[in-house]
Amino acid sequence: QVQLVESGGGLVQSGGSLRLSCAASGLTFNKFFMGWYRQYPGKARELVASISPEGETNYGDSTKARVTISRDDALNTVHVQMNSLKPEDTAVYYCNAARPGLYYWGQGTQVTVSS
């Protein structure tokens, strides 16, 4: 079955950095758009970053200046490097894999940024 396993979340001080990783299995990884989304309590998930099978990247307005997404098709893994973290970045971050008419979500990983 399809699994998306996130790692790299945790507690970091304001101004620090984290690298989130998502390891995918059970899918043809190089045919999927991969993305990272975050969700605050009571709100919809919002885009952090995404990357196409061809390597084209897209970033959310609130994260564009501070994040970089990359994928390693040989390892079926997508990463997002997040720098200059702020307390408002505190959220649950979810890995997403998508094709037309088909998408999957990971379980989420907590990122907490302290003042």
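Biologist: Which residue in S3 does Gln-3 stand opposite?

Modeller: Strands of a sheet pair through backbone hydrogen bonds, either parallel or antiparallel. In this predicted model, Gln-3 lies opposite Ser-25 of S3. S1 and strand S3 (residues 18-25) run antiparallel and are joined by 5 bridges.

Biologist: In what order do the 4 strands of the open sheet lie?

Modeller: The order is S1-S3-S8-S7, with antiparallel pairing. Strand S1 (3-7) and strand S7 (67-72) each have a single partner strand, so one side of each is left without a neighbour in the sheet. From one strand to the next, the twist averages 15°.

Biologist: How many bridges join S3 and S8?

Modeller: S3 and S8 pair over 6 bridges, in the antiparallel sense. Ala-23 faces Thr-77 in S8. Asp-72 also stands opposite Thr-77, and 6 bridges connect S7 to strand S8 (residues 77-82) in an antiparallel arrangement.

Biologist: Which residue does the disulfide join to Cys-22?

Modeller: A disulfide is a covalent bond between the sulfur atoms of two cysteines. Here Cys-22 is joined to Cys-95, with an S to S distance of 2.0 Å. The pair links distant parts of the chain, 73 residues apart: Cys-22 belongs to strand S3 and Cys-95 to strand S9 (residues 91-99).

Biologist: Is Cys-22 buried or exposed?

Modeller: Buried means under 20% relative accessible area. Cys-22 has 0%, and is therefore buried; Cys-95 likewise counts as buried, at 0%.

Biologist: What is the handedness of the disulfide of Cys-22 and Cys-95?

Modeller: The torsion about their S-S bond is about -85°, so the disulfide is left-handed.

Notes
Residues are numbered from 1 along each chain as its sequence is written. This is a predicted model: local features need pLDDT of at least 70, side-chain atom pairs count only at pLDDT 80 or more; totals for chains, interfaces and linings use all residues. Side-chain values use heavy atoms; hydrogens and water are left out. Two strands pair if DSSP finds at least two bridges between them. Helices (H or I, at least four residues) and strands (E, at least two) are DSSP runs, numbered from the N terminus. Axes are lines fitted to C-alpha atoms, for helices over the stretch in contact, and angles run from 0 to 180 degrees between N-to-C directions. A disulfide is a pair of cysteine sulfur atoms within 2.5 Å. Buried means under 20% relative accessible area, exposed over 50%, partly exposed in between (1.4 Å probe, protein chains only).
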